[in-house]
Structure formats: C-alpha cells, structure tokens
Amino acid sequence: MTTQLNATRQQWLTARLDLLEEEKALTRQSDALALKRQQLPRVRIDKEYRFDTDDGNVSLKDLFGGRSQLLVYHFMFGPDYSAGCPSCSSIADGFNGFFVHLENHDVAFWVVSRARLPKLQAFKQRMDWSFPWASSFGSDFNGDFSVWFSAEQQHQGGIEYNYRRELPAPEPLAGKTVQEWQSPGSEGPVAQIAAITGTDVATYTRDRPGVSAFELIDGTVYHSYSSYARGLDGLWGMYQWLDRAPKGRNETGIWWRHHDRYGKE
C-alpha cells in the first residue's frame with residue numbers, strides 16, 4: 001500500500017472516518033467475542049496442584065486469595081533458564097500497573113513458571129517487578145495446561161500447543177520453528193531468544209507462553225479459558241502502541257530485549 005503524503009486535512013479526515021467505521025466494527029466484534037469467552041463451559045479441577053510462593057507452599061485454590069476468579073500468565077522460565085524469556089518479560093513489564101486493579105475487582109492475578117522460586121525472585125528483583133510470581137517446579141500444572149513438554153514429546157511429535165499437534169522436532173533444531181521470521185546471520189530468531197535465556201533452542205521451546213482463567217464456585221476450582229501464541233497479542237502492551245504508530249510493528253526479526261539491556265548490547 002502506498003501512503004499518501006501531503007494530504008489536505010479534509011482528505012485525511014475522510015480517510016480517518018472510513019477507518020473509524022472499521023475500528024468500531026472490530027470493537028463490537030471484540031465485545032461479542034469476550035462474551036463468548038465468558039460463556040465457555042467449565043471443567044472441574046480435581047488434581048491437587050502445589051506452588052511455591054513468597055508466602056510458602058500453597059494450592060491452586062489458595063492463589064485465589066479470597067476472590068472468585070483467577071488469571072494466570074504462564075511465563076516461559078524453565079529450571080534450566082538463566083533469565084526469563086525476553087518476550088514474556090516484555091509482556092510482564094505491563095503487569096505492575098494493572099494487577100492491583102484486578103485484585104480489587106474480584107480477580108486474582110498470578111504469574112507461574114517452572115523455575116525454582118529463588119531464581120524467579122532474583123529475576124523479579126532485577127526487573128523491578130511487584131506482581132505475584134509462583135513456582136510450579138515439580139508440579140504437573142504446566143504440562144496439564146499445555147505450556148510445558150518433555151524432550152520425548154518434542155522429538156516424537158507429542159507436543160500439542162495452541163490446540164494443534166506439532167510435527168516431531170528436527171535434529172538439531174534450526175531456531176526457526178516457533179516464528180517464521182528471517183533474520184540476518186546464520187542464527188534463526190528462536191535461537192537468538194534461547195541464547196538470551198541461557199539455553200539452547202530445544203530446551204527453550206519445551207516451555208511455552210499462555211494465559212489461563214479459573215473460577216472458584218462453592219469451594220471448587222474450575223478451568224474456564226486458556227489461550228496461547230498469537231492469542232496473547234492483546235496482552236502484549238508494546239504491540240498495542242506500535243499498531244497505532246505510523247510505521248506499525250516495522251520488524252524483521254527479534255529487536256526487543258529485557259528492558260535493562262537496551263543500549264548495552
């Protein structure tokens with residue numbers, strides 16, 4: 001598409017009003033989709049999941065903190081990582097501002113990762129985050145909610161992520177299996193991100209991002225919703241701003257970093 005330069009204000013306004021109609025239609029469609037999310041059937045959770053938190057070892061029910069709803073962000077930070085996934089980290093940079101509002105609107109909010117709690121606490125301090133973060137180390141939680149897979153599943157085609165089964169991973173993983181972007185140099189973008197976390201591609205991609213919602217009804221926990229991959233775009237605050245910038249996302253590869261690494265690499 002060719003952008004018209006030096007348009008008159010009236011030409012701009014005419015084009016903007018046409019776009020406004022499409023934006024309004026998308027907003028209405030988004031509202032209708034949100035209602036359908038709320039109307040999904042609930043699945044009773046009978047397994048006892050345990051988490052390590054700043055306040056000790058707790059159950060899934062405890063994460064509600066007296067509220068009736070719970071939102072969990074599945075943050076990619078495996079036990080073998082030396083740092084959290086930079087993509088998850090850029091999403092998490094927005095959590096500090098809103099989680100307190102959720103907690104005062106009957107919605108508990110937690111970030112959950114597989115790394116041991118001391119590693120999560122150290123990274124949380126480094127990033128200057130305040131949201132609650134729990135370790136699911138030793139739990140089936142991540143596997144049961146399709147955000148962690150074993151090496152055997154990876155090699156044998158047993159990964160079912162984002163409601164689709166993946167083909168067996170090639171040997172060795174080339175670093176271009178999660179995103180199709182092409183970037184300069186011999187390394188693919190996934191390999192670049194894996195290196196930032198201190199892992200290789202195979203280890204890095206066994207953990208995956210996602211969000212899950214739960215409801216507490218008469219003392220019983222129910223699962224209501226989960227979303228993965230591009231389904232998380234709406235939670236990635238920087239992209240909502242870039243989508244409104246003149247050049248949009250304007251990316252050809254991995255450009256984002258942990259927020260304390262800009263200007264240092």
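Predicted model: local features only at pLDDT ≥ 70, side-chain atom pairs only at ≥ 80, totals over all residues.
Local features need pLDDT of at least 70 and side-chain atom pairs count only at pLDDT 80 or more, whereas totals for chains, interfaces and linings use all residues. Residues are numbered from 1 along each chain as its sequence is written, and side-chain values use heavy atoms, with hydrogens and water left out.

**View 1. The cysteines C85 and C88 are in no disulfide.** A search of the whole structure finds zero disulfides (pairs of cysteine sulfur atoms within 2.5 Å). For C85 the nearest cysteine sulfur is that of C88, 4.1 Å away.

**View 2. Helix α7, residues 189-196, is mostly covered.** Helices here are DSSP runs of H or I with at least four residues, and strands are runs of E with at least two, numbered from the N terminus. Six of the eight residues of α7 are buried, namely P189, V190, A191, Q192, I193 and A194. What covers them includes α2 (86-92) and α8 (201-204), where contact means heavy atoms within 4.5 Å. Just after α7, G198 takes a positive phi of about 80 degrees.

**View 3. β9 supplies the largest share of the lining of the second largest pocket, five residues.** A pocket is an open set of points on a 1 Å grid over the protein atoms alone, where a 1.4 Å probe fits, with protein on both sides within 12 Å along at least five of seven lines; lining residues have an atom within 4 Å of a point. Of the 25 lining residues, R37, L71, V211, A213 and Y225 are the closest to the centre of this pocket.

Technical notes. Buried < 20%, exposed > 50% of the residue type's maximum accessible area, 1.4 Å probe, protein only.
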